[in-house]
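Here is a short briefing on one protein model. Please keep the sequence and the 3D view open as you read.

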Amino acid sequence: CIDPCLYIKDNIICVVFVDDTLFFAPDDSLIDKEISKLKTSGFDLTDKGEVDAFLGIKFDKQPNGNLKMFQLALINAIIETLGLQHDSKKYKTPAVHPPLQPYRNYPMSKESWSYRSVIGMLTYIARNMRPDIEYAVHMCARFQSNPRTPHVNAVKRIG
């Protein structure tokens, strides 16, 4: 057991959440064998076929067999909260350079959205789906108690 909800056995990955379970393996026959064993052991299982979505995460099976995972609902919520629906991505990297500072001489944030709330959403995305934005999110998170205009702009850059 790697995590209370994640199990790995041979070439099978099993993810459990309450009464929903996902199996991943390089070959479907491995999954079929494992499900048969579990049913023989007394588990009442229903095979719902290929996974499309699980806990808000959408799955897209790639031609090479890899899974691409999206969390579009949360990402769209961040974009909408930041008011960036019609703004194209202007930057190639999520982090500002040089790194964020306290910027005490700049005005306080006067945005209509909650800086802390957006940082929370971005942290969830960074930790679970987008490790490439983790550094930028962490830099912005340091200023949650007193965000200034440059901090808000840095959050929008990530969004």
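The backbone nitrogen of Arg-148 sits 2.8 Å from a polar side-chain atom of His-151. This is a predicted model.

- His-151 belongs to helix H5, which spans residues 149-158.
- The relative accessible area of His-151 is 0%. Buried means under 20%, so His-151 counts as buried.

**Helix H3 against helix H5**
- Helix H3 covers residues 115-128, and its axis comes within 11 Å of the H5 axis.
- The two axes cross at roughly 35°, and the crossing of H3 and H5 is left-handed.
- H3 makes the contact through Tyr-115, Val-118, Ile-119 and Leu-122. H5 contributes His-151, Val-152, Val-155 and Ile-158.
- Which kinds of residue form the contact of H3 with H5: nonpolar, polar or charged? The residues divide into 7 nonpolar, 1 polar and no charged.

**Strands S2 and S3**
- Strand S2 (residues 12-17) and strand S3 (residues 20-24) run antiparallel, joined by 5 bridges.
- Ile-13 has Phe-24 in S3 as its bridge partner.
- S2 and S3 form a hairpin, with 2 residues between them.
- Val-18 lies in the turn and has a positive phi of about 55°.

Definitions and conventions. Residues numbered from 1 in each chain as written. Predicted model: local features only at pLDDT ≥ 70, side-chain atom pairs only at ≥ 80, totals over all residues. Heavy atoms only, no water. Helix = DSSP H or I, 4+ residues; strand = E, 2+ residues; numbered from the N terminus. Buried < 20%, exposed > 50% of the residue type's maximum accessible area, 1.4 Å probe, protein only. Polar contact = N/O pair within 3.5 Å; in protein donor to acceptor, adjacent residues only side chain to side chain. Pairing = 2+ DSSP bridges. Axes fitted to C-alpha atoms, helices over the stretch in contact; angles between N-to-C directions. Left-handed = near helix turned anticlockwise from the far one by under 90°. Contact = heavy atoms within 4.5 Å. Nonpolar A, V, L, I, M, F, W, Y, C, P; charged D, E, K, R; others polar.
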